[in-house]
Amino acid sequence: MPINMKAVIAETFVELMKHKNIDRITVRDVVEACGVSRQTFYYHFHDIYELIEWICETDADHVLKQNKTYDTWQEGFLAIFHLLKKDEPFVVNIYHNAPRGYIYRYLYKVTYQLIYDVLEEKAADMVVREEDKAFIADFYKYGFVGLVLEWIDKGMKEDPKQIIERLNALIQGSFAHALNNAKLNKS
């Protein structure tokens, strides 16, 4: 079975982050720890931050692939919380030591895609402009990411299930309502 070198580099990096702040980890540290050349690292990643993005995207794709429907969006968001909690040292290290743009972009990307997929499903029998669906997805994305960032900032103590239950109660039916308001008249 061929070795997935990207995964090996990523696992090594995550292990290093348990002992060092992200801003103190160099490419040299990573290649020495996993026993590969700098050339191998640069073949797969441009820099440490691209490696971080790849790790985040790979994890998010894995946990969200089954939860992108209207009936399962809560499980999708809960899966994001659980993933962040499971990788708490990694997440906290990124949150406190990497440029804010990295964690924001990651959370915005996974949240947007989850919400957009739900909107696509709900709008299947409607004529809604792409830019309207994108606007609605952006609106909800910013709210959810704000909740996640506050949760991280407060030490990830609150039960994610309670956050999702409160969020669900707050926005129950609002996806359909927003799409109906954006729906184009066929006449």
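1. Ground rules. Residues are numbered from 1 along each chain as its sequence is written, and side-chain values use heavy atoms, with hydrogens and water left out. As the model is predicted, local features need pLDDT of at least 70 and side-chain atom pairs pLDDT 80 or more, while totals for chains, interfaces and linings use all residues.

2. Helix α8 runs over residues 130–153 (a helix is a DSSP run of H or I, at least four residues, numbered from the N terminus). After α8 comes G155, with a positive phi near 90°.

3. K141 sits in α8. Is K141 buried or exposed? K141 counts as buried because its relative accessibility is 9% (buried is under 20% relative accessible area, exposed over 50%, partly exposed in between, with a 1.4 Å probe and protein chains only). Beyond neighbours within four places in sequence, K141 contacts Y108, T111, Y112 and I115 (contact: heavy atoms within 4.5 Å).

4. The largest nonpolar core holds 61 residues, with F13 and L84 having the most contacts inside it (such a core is a set of buried Ala, Val, Leu, Ile, Met, Phe, Trp, Tyr and Cys residues joined through side-chain atoms within 4.5 Å). Residues touched by F13 include I22, I48 and F90.

Notes: Helices (H or I, at least four residues) and strands (E, at least two) are DSSP runs, numbered from the N terminus.
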